[in-house]
Amino acid sequence: MSEDILFELNIDHIRKVFNKYTKKAFQALPNMEKPRILDIGCGSGVPTIQLAKLCDGEIIGMDNDQSLLDELDRKIKDEGLSDRVKAIKGSLFEMDFPNESFDIIWAEGSIALIGFKKGLKEWKRLLKPKGFLVVHDDNKRLPNKLKTIPNCGYSLIKYFSLPDDAWWMDYYQPLGVRLDELRKKYKEKPKALKNLDIYQKEVNMVKKNPKAFGSVYFIMQKEK
Ligand SMILES: C[S@@+](CC[C@H](N)C(=O)[O-])C[C@H]1O[C@@H](n2cnc3c(N)ncnc32)[C@H](O)[C@@H]1O
């Protein structure tokens, strides 16, 4: 039952609204033939699948949560992408790919786990010379992050912020509506409803100050 309710919540359906920003960030990169891409902290792979649709490259989605990777695996099969998209389990704190393995590293919502500066420094060795790092992160300490980029040996190709109210209007508000619907539907099943609490807390937090929750895409190129 608890899994049923999360399946019905279908967060991915809401998350997909941000695919347009993944596309905008990808389009800031030069055209590449069959780029090798690592998607760090891919989750259930909404951006991973979007990247696969934007290019003819080989993509590795990496996460440490097997249930999310199973979900990504299901999407890979459904979309007929098994020949060039893989979901692998691993921790972003200890990645043992050889040096210069990837043309592009993609990280949406995951660099904060390691820290912006540390992520930039540690992930650089995985990029081929002049490879690209694309990060979607919160907009806190933006001027600091912009200074960190050249200091860590990257050039900034472009950065852009999501509209002020995008997270509320396009993600948390629809999520709140969906949660209300499920609360009504499962009102006799308190145990199942408990699984929604974590999502409800986030919605409540953002609702208090919708514009305080912003995020930025950084498109960077490895220089040295
Ligand atoms: C905010 S989610 C972002 C998911 C996906 N990139 C997206 O934009 O929809 C952060 C992801 O980082 C993953 N994560 C947390 N700790 C991790 C670790 N040590 N190594 C790899 N992934 C991790 C979580 O499981 C989660 O899927």
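**Exercise 1.** How many bridges join strand E1 to strand E2, and do they run parallel or antiparallel?

*Solution.* The model is a predicted one. Start with the two segments: E2 spans residues 58-63, and E1 covers residues 36-40. Five bridges join E1 to E2, and the strands run parallel. Then check the burial of E1: four of its five residues are buried, and the strand is mostly covered.

**Exercise 2.** Determine which residues of helix H7 are buried, and where they lie around the helix axis.

*Solution.* Helix H7 comprises residues 116-123. Step one is to pick out the residues with 20 or more other C-beta atoms within 10 Å. In H7, Phe-116, Gly-119, Leu-120 and Trp-123 are buried. Step two is the arc: because these residues cover only 95° around the axis, they are on the same side of H7. The general rule is that an α-helix has 3.6 residues a turn, so residues three or four places apart point the same way. Step three is to find what this side packs against. The partners of the buried H7 residues are strands E4 (102-108), E5 and E6 (154-161), together with helices H6 (111-114) and H8.

**Exercise 3.** Which residues touch the most other members of the largest nonpolar core?

*Solution.* The core holds 49 residues. Within it, Ile-105, Leu-133 and Val-134 touch the most other members. Now follow Leu-133 and leave out residues up to four places away in sequence. What remains is Ile-105, Leu-120, Trp-123, Leu-127, Tyr-154, Met-220 and Lys-222. Two of these contacts, Leu-120 and Trp-123, are among the buried residues of H7.

**Exercise 4.** Describe the shell of residues around the ligand.

*Solution.* The shell has 17 residues. Gly-41, Gly-43, Asp-65, Glu-108 and Gly-109 are the closest. Sorting the shell by class gives seven nonpolar, six polar and four charged residues.

**Exercise 5.** Where is Asn-10 found, and is Asn-10 buried or exposed?

*Solution.* Asn-10 is in the loop between helix H1 (2-9) and helix H2 (11-15). The phi angle of Asn-10 is near 50°, a positive value in a residue other than glycine.

Repeat the steps for Arg-141, in the loop between strand E5 (127-138) and helix H8 (142-151). Here too phi is positive in a residue other than glycine, with a value near 50° for Arg-141. Arg-141 has 12 other C-beta atoms within 10 Å and is therefore exposed.

How values were computed. Residues numbered from 1 in each chain as written. Predicted model: local features only at pLDDT ≥ 70, side-chain atom pairs only at ≥ 80, totals over all residues. Core = buried A, V, L, I, M, F, W, Y, C linked by C-beta atoms within 7 Å. Contact = placed C-beta atoms within 7 Å. Near = placed C-beta within 6 Å. Nonpolar A, V, L, I, M, F, W, Y, C, P; charged D, E, K, R; others polar. Arc of directions from axis to C-beta. Pairing = 2+ DSSP bridges.
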